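Thanks for coming. I have one structure to go through today, and I will keep to what can be computed from its atoms. Please look at the screen first.

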Amino acid sequence: MSSQPICAVRNAALLDDFQQTRALTFALAAPLSDADATVQSMEDASPSKWHMAHTSWFFETFILRDHVAGYQPFDENFAFLFNSYYEAEGERHDRCQRGMITRPSLDEVRAYRAHVDSAITAHFDALPDDALTLLELGVHHEQQHQELFQTDILHLLSRNPLKPALWPTPRRLHNAATAPLRWIEGKSGIVDLGHDGGSFAYDCEGPRHQMLLTPHALASRCVTNGEWKEFLAAGGYDEPRHWLSDGWAWVQGNNIRAPLYWTQDGDWAQFGNDGMQPIDDAAPVCHVSLYEADAFASWAGARLPTEPEWESAAAALDAHSGNQLDAAGAIRPAPARTSAKAGDGLAQMFGDVWEWTGSAFRPYPGFKPAEGAVGEYNGKFMSGQFVLKGGSCATPRGHVRACYRNFFYPHQRWQYTGVRLAKDI
Ligand SMILES: [Fe+2]
């Protein structure tokens, strides 16, 4: 057994997490040209170069500037360019104009990253505990941006008529049989929810609290592409009675006919970071909005799970397993296994696709935002957004947990978003 004090072991693990996370971002960006990394394809998406610089700004601002005496910023102008939404950090560049930042170049942003990395590593042992807490937050923040990096470059490349792949792979289909859908009864009665302390979580995941659940069941796997084709064939996008009023207006106003990145030239295909691939009927449907998820559930005679139903079902599962981003590079949702003996439990809860819930992203009883500028991280976004659970194939392995609360607006679908059905029993 090691004789190192526990805090020294914990700190060594944190430095290792920091360095591995920074290295993964560098690796994800390896195929990019300066042009790829600069263009902004829509307001919701940021250029790759911006993600790479903004995550570095987070460490530079909240750790190096605030906790390392005499630290010299890489460039005084970067605070204006790469602050995202922190009002407490002052004026910042317009979000819609991030694609105008043709300079600094991609190479200069890489040099900025290296500058921050070497400063954090050099001063790590002298950082006080509150700086280490912020450094841990910075690592998790960068992991979130690693997923955004993938979804944003996917959106950009999808707008190129040549449909270039970020990571080209041969055309492939799993050709798996679709796992049978079973209904798994969930916990009912009073359940404990939210983060229970002891490991990292964002402020919005607590406080731990109780909730009353009525009898219900969750689908054993996510809705598949094949099932979505049935919804299409049944005129699902043409039938207003399945849709929320806002959703129907969104479908009509934007001429939505299928999930994002689906195209039909004979058979359906879907663009991904591995290029244009035939639709795999057994894989989870991906890149659907909450409106589409809700309409599908209505058509199927079911509903979306609530966040408490999902979280209580996932609490005992291994959040680090499943189809997630790691060195092997999982870039598509994959079919659920079909071994499916009777009594098998819930599949695909972690990884593959973020699962829309019918729950609003609102504070838990007793919620207080974190202290300081990072108190702007979650709390101020608790308006008009819905919770998604479980992570996706683009989520770095180890990043999510049962109580993790992702959130997006109901029309958004450029993330790896999918559907698990639920029903009352
Ligand atoms: Fe950020």
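Start with Asp352, which is buried, with a relative accessible area of 5%. Buried here means under 20% relative accessible area, with exposed over 50% and partly exposed in between, using a 1.4 Å probe and protein chains only. Asp352 is not a glycine, yet its phi is positive, about 70 degrees. You will find Asp352 in the loop between α10 and β8. Those element names come from DSSP runs, numbered from the N terminus: helices are H or I with at least four residues, strands are E with at least two.

Now the background. This is a predicted model, in which local features need pLDDT of at least 70 and side-chain atom pairs count only at pLDDT 80 or more, while totals for chains, interfaces and linings use all residues. Residues are numbered from 1 along each chain as its sequence is written, and side-chain values use heavy atoms, with hydrogens and water left out.

A second residue other than glycine with a positive phi is Tyr261, where the value is near 75 degrees. Tyr261 sits in the loop between α8 (245–254) and β5 (262–265). Its relative accessibility is 8%, so Tyr261 counts as buried.

While we are on the backbone, there are cis peptide bonds to point out. Arg103 and Pro104 are joined by one, with omega about 5 degrees. Pro104 belongs to the loop between α4 (78–82) and α5 (106–123). Another joins Gly206 to Pro207, with omega about 0 degrees, and Pro207 is in the loop between β2 and β3.

Next, two helices. How many of the eight residues of α10 are buried? The count is seven, so helix α10, residues 307–314, is mostly covered. The buried ones are Glu307, Pro308, Glu309, Trp310, Glu311, Ser312 and Ala314. They pack against strands β2 (189–193), β3 (209–213), β4 (216–219), β8 (354–360), β9 (386–389) and β12 (422–424). Contact, throughout this talk, means heavy atoms within 4.5 Å.

Helix α9, residues 290–299, is largely enclosed by the rest of the structure, because seven of its ten residues are buried. Those residues are Leu290, Tyr291, Glu292, Ala293, Ala295, Phe296 and Ala297. Their cover includes α7 (225–233), α8, β8 and β9. Just after α9 comes Gly301, with a positive phi of about 75 degrees.

On to the nonpolar core. In soluble globular proteins, nonpolar side chains tend to be buried together. A nonpolar core is defined as a set of buried Ala, Val, Leu, Ile, Met, Phe, Trp, Tyr and Cys residues joined through side-chain atoms within 4.5 Å. The largest one here has 110 residues, and Phe62, Leu135, Trp228, Trp243 and Val419 touch the most other members. Helix α6 gives the most to this core, eleven residues. Domain 1 (6–158) and domain 2 (183–424) both contribute residues, so the core lies between them. The domain bounds come from an automatic or database domain assignment. Take Val419 as an example: leaving aside neighbours within four places in sequence, Val419 is in contact with Cys222, Val223, Trp228, Val285, Val288, Ala293 and Leu304.

The search runs on a 1 Å grid over the protein atoms alone: a cavity is a set of points where a 1.4 Å probe fits but cannot get out, a pocket is an open set with protein on both sides within 12 Å along at least five of seven lines, and lining residues have an atom within 4 Å of a point. Grid points are joined across faces, edges and corners, and a volume is the space filled by probe spheres set on the points.

The largest pocket holds about 770 Å³ of space. Its lining has 34 residues, and Tyr85, Arg95, Leu148, Phe407 and Phe408 lie nearest its centre. Elements giving two or more residues to that lining are α3 (48–67), α6 (129–158) and β10 (406–408). Which element gives the largest share? That is α6, with six residues. Each of domain 1 and domain 2 supplies at least three residues to the lining.

There are also three cavities of 30 Å³ or more. The second largest cavity has a volume of about 40 Å³, and α6 gives the most to its lining, three residues. Asp152, Ile153 and Leu156 are among the residues that line this cavity.

That is my last slide.
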